[in-house]
Amino acid sequence: MRHIKAEYKELVRKMLVKHEGLKLKPYRCTAGKLTIGVGRNLQDNGISEEEAYLMLEHDIDSVIKVLKARYDWFEKLNAVRKAVVIDMAFNLGIPRFGAFKKTIALIESEDFDEASKEMLRSKWAVQVGYRAKELSEMMKSGEYKEIR
């Protein structure tokens, strides 16, 4: 039975991609519903927790790939400081993270105390509140610390 299910599942997949199309960015379907992928009605159905974590893993991997390619100092950081940089780049987007020139230069020179202070001097820090304080402390100490 499993073979038959796999057989028709592949046929259905092929048909749905043909009929629904594959859209990698959200769009409004003919019924006006916010949709993505192959007819996934985000408005009514959303996504599953499993799908959310799968997307998160993909997004983290993408951010790490870009950080490694752009910043040779990234690999030299300890795990906690790498996590801080990834968190910031994920939140800001790579282009906006790249605009943190002073912070990046301080991290590159391993002046983590000043880098942490520079992080807090930004508009971003005001916007994200406790997140900036927590990340700043982690950048300074190199240790994971939750603040709330």
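Which residues have the most contacts inside the largest nonpolar core? They are Leu67, Val85, Met88, Phe97 and Trp124.

## Basis of the model

This is a predicted model, where local features need pLDDT of at least 70, side-chain atom pairs count only at pLDDT 80 or more, and totals for chains, interfaces and linings use all residues. Residues are numbered from 1 along each chain as its sequence is written, and side-chain values use heavy atoms, with hydrogens and water left out.

## The nonpolar core

The largest nonpolar core has 29 residues. Such a core is a set of buried Ala, Val, Leu, Ile, Met, Phe, Trp, Tyr and Cys residues joined through side-chain atoms within 4.5 Å. Buried means under 20% relative accessible area, exposed means over 50%, and partly exposed lies in between (1.4 Å probe, protein chains only).

Two or more residues each come from α3 (49–70), α4 (79–92), α5 (94–98), α6 (101–108), α7 (112–120), α8 (123–128) and α9 (130–141). Helix α4 gives the most, with 7 residues. Helices (H or I, at least four residues) and strands (E, at least two) are DSSP runs, numbered from the N terminus.

## Phe97 and its aromatic partners

Phe97 is buried, with a relative accessible area of 0%. Leaving out residues up to four places away in sequence, Phe97 touches Leu67, Tyr71, Val85, Met88, Ala89, Leu92 and Ile104. Contact means heavy atoms within 4.5 Å.

The whole structure holds 3 aromatic pairs. Rings of Phe, Tyr and Trp (its six-membered ring) pair if their centres lie within 6.5 Å; planes under 30 degrees apart count as stacked, over 60 as edge-to-face and the rest as tilted. Tyr71 and Trp73 make a tilted pair, 5.1 Å centre to centre with 40° between the planes. Both Tyr71 and Trp73 are buried. The rings of Tyr71 and Phe97 have centres 6.0 Å apart and planes at 85°, so this pair is edge-to-face. It links distant parts of the chain: Tyr71 sits in the loop between α3 and α4, Phe97 in helix α5, 26 residues apart. Tyr71, Trp73 and Phe97 form one aromatic cluster.

## Charges over rings

Arg81 lies over the face of Phe112, at 3.7 Å from the ring centre. Lys82 lies over the face of Phe74, at 6.0 Å from the ring centre. A charge sits over a ring if NZ of Lys or CZ of Arg is within 6 Å of the ring centre and within 35 degrees of the ring normal.

## The hairpin

Strands β1 (residues 23–28) and β2 (residues 34–37) pair in the antiparallel sense over 3 bridges. Two strands pair if DSSP finds at least two bridges between them. Arg28 stands opposite Leu34 in β2. The two strands form a hairpin with 5 residues between them. In the turn, Gly32 has a positive phi of about 85°.

Thr103 lies in helix α6. Its relative accessibility is 2%, so Thr103 counts as buried. Thr103 touches Ala115, Glu118 and Met119, again not counting residues up to four places away in sequence. Glu110 lies in the loop between α6 and α7. Glu110 has a positive phi of about 65°, although it is not a glycine. At 52% relative accessibility, Glu110 counts as exposed.

Ser122 is in the loop between α7 and α8. Ser122 is buried, with a relative accessible area of 14%. The side chain of Ser122 reaches the backbone oxygen of Met119 at 2.8 Å.

Definitions and conventions
A polar contact is a pair of N or O atoms within 3.5 Å; within protein, one must be able to donate a hydrogen and the other to accept it, and residues adjacent in sequence count only if both atoms are side-chain atoms.
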